[in-house]
Amino acid sequence: MVDHPVILRGISNLSPGSGPTILQRTDQDFIGAILAELAQPDRWEALGRAIARTPDLETGVLKLYQPVHRVFHLVLLEAVCDPVNLPSVQPRLEPQKIDSAGLVLRRLAVNRQGQLAPNRLEGWRQMGSRLRGWVAFTGEESDPNADLKLDPDRDRRPQLQAGQPELSRRLSLLQASGEQFSETVSPLFVAPPQVCEAAQKTILYGLIPVTSSELSEAEEPLAFSPDFIRNHLPTYLRAANSTKSLPRANQTLYANAAVPIDNPNRTQAQIRDDNLLQDFISMLRQLQFEFEAFGDKPDSKLLFAVLNQIQLPFNDNPPKSAGSFLQEAANILVDRATGSVKMPREWPAVSTSTANAIQTLVKTILDRRLAIAQPQQRRFDEQNRQYQVRAFIRIKRPDGCPPKLVWSPNSEPFRIVPWYESSDTPPVQVTLPDILAPGALAQLKPNVTFAVPSNLFNLLGGMNLKDLLDGKKPSSGGPVLDWICGFNIPIITICAFIVLNIFLQLLNIIFFWLPFVKICIPFPRSSEN
């Protein structure tokens, strides 16, 4: 049996290029509709009109929509033999010779300036069980399944043994070091036999993945640079050979000291002192919320201990450790607790060793918080990136060797439309109840219930707008009773709709966006005879 060359390309009758043919459909049963049209050659004109042609206005590249737009995209390909390297003599490949098929989606790489890098592609890849995200291709094209890139008899080979457990373990690591990247593959299907027979082609089809919940697993977490930490520290915590002035030195401060005084008769010295106080309170907030200097984690306790090495002088009191004073000041000036705090006479000079210890611990804390807060990269998180799809098939070999891999050309570049952009499909309709009709409210009962703990219920009951504007915490005192509260979602929706219309009218005075947000078109109501 002769092993002829095989070509995998787009449907020649539909698209002029050789890349995968991309169709854009809005049918609910779009796959069934496409297969039905493929089985009827007289309906191929409709398939031609369904080829995706919507360009992006800025870049001119093709736009593909997400399922949320109720628009779906498929690729069509045909597999042909090429025995004499002539397009006129290319019979279709027998479907029985196809061992497996798949589709990969790749991203066009960009350089540091955000410009497309010529001829560089990235694949959504993994190594072993670890998903590495978008990784650039550096070598020749290979099978996207890492298990098929190496020796197919690899699993049957004996493991290297050295006669000593630790040496054997290291040899096994060396033996596994040939592990390569795998690439995420979407399934590609051969059309049913009756479709292929009617079209006189071996047709393959697959859905283009434009959404994904997969998250990359970064090899190393992000970290702040020492220079950034050094410049980010408050000036009071940096190394200095001289003392620094403090606002309201030797004065007793209460919670309302944090409220700026709006007095046009203030002197320049008072203005400077007020600004200095706001800077000091900003440092307290940074220590409490960002640096977690007063927390109970081990690195927070170490930072608190280093801060306590700084001794703050007072005129009529013994010196006080800076960590304890800053925690007390944050409780009064930031949390606005009852009581008072007395300011020191000045801020002493900070030695280089103490400043370096503070910087090191702050970096440790911020790196830890960054590792927790650092979002993992989703497959399609980066907007305005361009992608291409490429298909492959594995052909059974007549000599019993592993299947032969055949790639299609790349498709034309495209970008994926974000969820908030509109498509040409009709909008989703939400019907609101007519609450003004007689007896309508009596039919609308609470249809959602919330189990509310007693503390939360009492807190909500003690809230009022004046206290919230004044920054007062609502009282949570009351009976220790849990509650079940029911709400009517349709009426809440109407309330939200009314409030939305009010705010849209107000904001339209500034932004003039009402024509883009709200469009009301009357339609006649059918009348009964």
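Leaving aside its neighbours within four places in sequence, which residues is Ala 337 in contact with? They are Ala 255, Asn 331 and Ile 332. Contact here means heavy atoms within 4.5 Å.

## About the model

This is a predicted model, in which local features need pLDDT of at least 70, side-chain atom pairs count only at pLDDT 80 or more, and totals for chains, interfaces and linings use all residues. Residues are numbered from 1 along each chain as its sequence is written, and side-chain values use heavy atoms, with hydrogens and water left out.

The predictor's confidence in each residue, from 0 to 100, is its pLDDT. The chain averages a pLDDT of 85. At least 70 is the score of 88% of the residues. Over residues 150–157 the pLDDT is below 50. In the model that stretch has six contacts beyond near neighbours in sequence. Residues 173–178 also have pLDDT under 50. For them the model has five contacts beyond four places in sequence. Where pLDDT is low, the predicted coordinates should not be read in detail.

## The chain as a whole

The chain has 529 residues. Its secondary structure comes to 13 helices and 20 strands. These are DSSP runs, numbered from the N terminus: helices are H or I with at least four residues, strands are E with at least two.

Of the residues in the chain, 35% are buried. Buried means under 20% relative accessible area, exposed means over 50%, and partly exposed lies in between (1.4 Å probe, protein chains only). The chain exposes about 32600 Å². Carbon and sulfur atoms supply 56% of that area. Areas come from the Shrake-Rupley method with a 1.4 Å probe; for residues, only the protein chains shown count as cover.

Residues 24 or more positions apart account for 72% of them.

## Around Ala 337

Ala 337 is found in the loop between H8 and strand E15 (341–342). Ala 337 counts as partly exposed because its relative accessibility is 23%. Asn 256 is 81 residues away along the chain. The C-alpha atoms of Ala 337 and Asn 256 are separated by 9.9 Å.

## Two nonpolar cores

A nonpolar core is a set of buried Ala, Val, Leu, Ile, Met, Phe, Trp, Tyr and Cys residues joined through side-chain atoms within 4.5 Å. The largest one has 40 residues. Those that touch the most other members are Phe 280, Leu 287, Leu 303, Phe 325, Leu 326, Trp 347 and Ile 358. H6, H7, helix H8 (322–333) and H9 each give two or more residues to this core. H8 supplies the largest share, seven residues.

Phe 280 has contacts beyond its neighbours within four places in sequence. Among them are Tyr 236, Leu 246, Pro 247, Phe 325 and Leu 326. A second, separate core has 31 residues, including Ile 98, Leu 103, Leu 188 and Val 406.

## Helix H9

Helix H9 (residues 352–373) has 22 residues. From its first C-alpha to its last, H9 reaches 31 Å. That is close to the 32 Å expected at 1.5 Å a residue. The expected span is 1.5 Å times one less than the number of residues.

The buried residues of H9 include Thr 354, Ile 358, Gln 359, Val 362 and Asp 367. Their cover includes helix H5 (226–232), helix H6 (268–290) and helix H7 (298–307).

## Salt bridges

Side chains of opposite charge can pair when their charged atoms come close. A salt bridge is a side-chain nitrogen of Lys or Arg within 4 Å of a carboxyl oxygen of Asp or Glu. The whole structure has 25 salt bridges. One joins Glu 122 and Arg 107, at 2.8 Å from N to O. Glu 122 sits in strand E6 (residues 116–127) and Arg 107 in strand E5 (residues 98–110), 15 residues apart. Glu 122 is buried, at 12% relative accessible area. Arg 107 is buried too, at 5%.

Arg 394 forms a salt bridge with Asp 143, with the closest N and O atoms 2.7 Å apart. The two are 251 residues apart. Both are buried. In the salt bridge of Lys 342 with Asp 316, the closest N and O atoms are 2.9 Å apart. Lys 342 lies in strand E15 and Asp 316 in the loop between strand E13 (311–312) and strand E14 (320–321), so the pair ties together parts 26 residues apart in sequence. Lys 342 is partly exposed, at 24%, whereas Asp 316 counts as exposed, at 53%.
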